[in-house]
Amino acid sequence: MTLTAIVHAHVHPVSSPAFEGTVLLQDGRILALGADVALPAGAEVVDAGGGWVLPGFVDAHVHLGVHEEGEGWAGNDTNEMTDPVMAAARAIDAINPMDTGFDDALSGGVTAVNVNPGSGNPIGGLAVALRTHGRIVDDMVLRSPSGLKAALGENPKRVHGDKGRTPSTRLGVALSIRAALTRARAWMQKAEADREPDLVSDALARVLAREIPWRQHSHRADDIATALRIAEEFDLDLVLDHGTESYLIADRIARRGVPVLYGPLIVSRSKVETRARTPRAPGILDRAGVDVSIITDHPVVPIQFLVHQAALAVKEGMEPDAALRAITLNPARVLGLADRIGSLEEGKDADLVLWEGDPFDVRNRALRVWIAGREVLRYDAEAGRPVIAGRAGAGSAG
């Protein structure tokens, strides 16, 4: 039995008010937390010294491990763009856990991510939710698959239109999606013994049965309206990824109860459909009653800057508690993992971070990170760098 007691901490559970006190970890879970937690005999005591303890952050839209940094063509496995419908492709089969982005995630207090295929196809493939520390991707999985990635707008129409094939327009993209869902629905309606093996229809059947969410990449308000329309036609559990102009129709999205994963925030307006990007959007969505999360789309924005994007949203009018939920409990809920991560509660996984102070202050760093109760990062003040368990070389422990 392993016991760790983090004492003298300013604790932000997210799901309940902050307090000064202790968090007790046992065998990978949170055993107890509060102002007056008794310390069991034999517990390892970590003195937080007034530092802030928060749940590990969750980024629900990244390309960690499938779009490796600094590797060029060899490390980019984000999009399989040889066919518009790649529903059966799985991100998990292309993830390299040794991608430096995973270490960057830990240094930024991010302990869980959702790795997506890219947006080059109308239907891109199956996503997977992972912890951000490990040597083998299978050992890092929190939920697989965690959704099916689809895309509307500029990317799929450009990719396939430039190759002289369907889809080359927004209406062609929507047609490709509808045709694939219709074929899958017909396949599902056959008796199981009469079904021909069909990996694409099998993957889409999981969406049609609402076993996993339909993750719809969409920026412009008209594309978001198309996503809502298709989701209603096929009764899909819709999640809006990016949602650049979602704040323009926030009332409609709120009425439908559709969550928005907003971002990335701190990049240029690199294409027409992102011209309306604004850091005010998360606050507008939250006030409208939308369940909003903030995302980096790593490596578009380096994942360690997730918390700084949330701070920017606060600067532009979002309530601090809402911004904190947008990088913890809200994305955990979107991933179907809110019973395990996203807040500090008894019985939940012990995924938490000790910060120097308020993480919305750019001057404060993550000092220690635990995943499933195991310390995976410790900041070495003397060396001036984080030391990560199981990593050889600079910035890591051998």
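So, what order do the strands of the open sheet have? Going across, the order is β6-β7-β8-β9-β10-β11-β12-β13, eight strands with mixed pairing. Quick note before we go on: this is a predicted model, where local features need pLDDT of at least 70, side-chain atom pairs count only at pLDDT 80 or more, and totals for chains, interfaces and linings use all residues. Residues are numbered from 1 along each chain as its sequence is written, and side-chain values use heavy atoms, with hydrogens and water left out.

Two strands pair if DSSP finds at least two bridges between them.

β6 (57-62) and β13 (292-294) are its edge strands, each pairing on one side only. On average, neighbouring strands are turned by 25° against each other, direction ignored. Inside, β9 (residues 141-151) and β10 (residues 214-218) pair in the parallel sense over four bridges, and Lys149 stands opposite Arg215 in β10.

Now the helices. α4 lies across β8 (123-131), β9 and β10, at about 95° to β9. Axes here are lines fitted to C-alpha atoms, for helices over the stretch in contact (heavy atoms within 4.5 Å), and angles run from 0 to 180 degrees between N-to-C directions.

α3 (residues 170-189) and α4 (residues 199-208) have axes that come within 9 Å and cross at roughly 90°. That's why we call α3 and α4 roughly perpendicular (65 to 115 degrees). Residues making the contact include Trp187 of α3 and Leu204 of α4.

Conventions: Helix = DSSP H or I, 4+ residues; strand = E, 2+ residues; numbered from the N terminus. Parallel < 35°, antiparallel > 145°, perpendicular 65-115°, else oblique.
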